Amino acid sequence: MTPLATRTARIPTLSRFGWLMALYTENHERLEHMFAPARLGQGSYVSSVGDGLDLQVEVIAQHAYTTELRLTYAMPDPVTGQPDPSAYLRQYHDARQLEATHCYIGRRWQDVIGMYPPPAELVGHRLRMNTFLGKWLQYLSERGHGSDTLAPDEKKFIEVAKIA
């Protein structure tokens, strides 16, 4: 029998992939609590809390088990003209996960990690994107963004009506 003093404690560790899945779960809870995107129709919405920095929430597609959306402040990047920051998200309703599929914060993912990154680098990049998303969602919640501050973006709905 080994003496008690020489035994090492077996504390379970969380892999980087496990950490990523935990971030997905936390981010799902944050977004669900704020906007409940599965209940929104496809289209563009604006959340205004009176700070002059309105958040645009665009529901790109609603599927049986997923919602695809984009969050942005719609401040144009001076070089590309694209909204920056901007996060494209996929919410998995059955798994209760929210994945940032890509973020635009000055550069595209291809510019950051290349077209064919090794798996460890890809997981690291996803960790950084989803950590950013978690901090952004927390900030938005603290500022007061939520279902009661969300309204259809009349400009976007008028543009769509003119095209149709």
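**Salt bridges and strand pairing**

Glu99 forms a salt bridge with Arg90, and their closest N and O atoms are 3.8 Å apart. A salt bridge here is a side-chain nitrogen of Lys or Arg within 4 Å of a carboxyl oxygen of Asp or Glu. Salt bridges with shared partners join Arg90, Glu99 and Arg126 into one network. Glu99 is buried, at a relative accessible area of 10%. Arg90 is partly exposed, at 28% relative accessibility. Buried means under 20% relative accessible area, exposed means over 50%, and partly exposed lies in between (1.4 Å probe, protein chains only).

This is a predicted model: local features need pLDDT of at least 70, side-chain atom pairs count only at pLDDT 80 or more, and totals for chains, interfaces and linings use all residues. Residues are numbered from 1 along each chain as its sequence is written, and side-chain values use heavy atoms, with hydrogens and water left out.

Now the strands. Strand S1 covers residues 43-47 and strand S2 covers residues 55-62. Helices (H or I, at least four residues) and strands (E, at least two) are DSSP runs, numbered from the N terminus. S1 and S2 pair in the antiparallel sense over 5 bridges. Two strands pair if DSSP finds at least two bridges between them. Val46 stands opposite Gln56 in S2.

S2 also pairs with strand S3, residues 66-72. This pairing is antiparallel too, over 6 bridges. Here Ala61 has Glu68 in S3 as its bridge partner. S2 and S3 form a hairpin, with 3 residues between them.

The side chains of Arg70 and Glu58 meet at 3.4 Å, N to O. Arg70 lies in strand S3 and Glu58 in strand S2, so the pair ties together parts that are 12 residues apart in sequence. Arg70 counts as buried, at 11% relative accessibility. Glu58 is partly exposed, with a relative accessible area of 28%.

Next comes the loop between S1 and S2, which holds Asp51. The Asp51 side chain meets that of Arg143 in a salt bridge (3.3 Å, N to O). Arg143 lies in helix H3 (residues 119-143) and Asp51 in that loop, so the pair ties together parts that are 92 residues apart in sequence. Both ends are partly exposed: Arg143 has a relative accessible area of 40%, and Asp51 has a relative accessibility of 30%.

A search of the whole structure finds 6 salt bridges. Among them are Glu99 with Arg90, Arg70 with Glu58, and Arg143 with Asp51.
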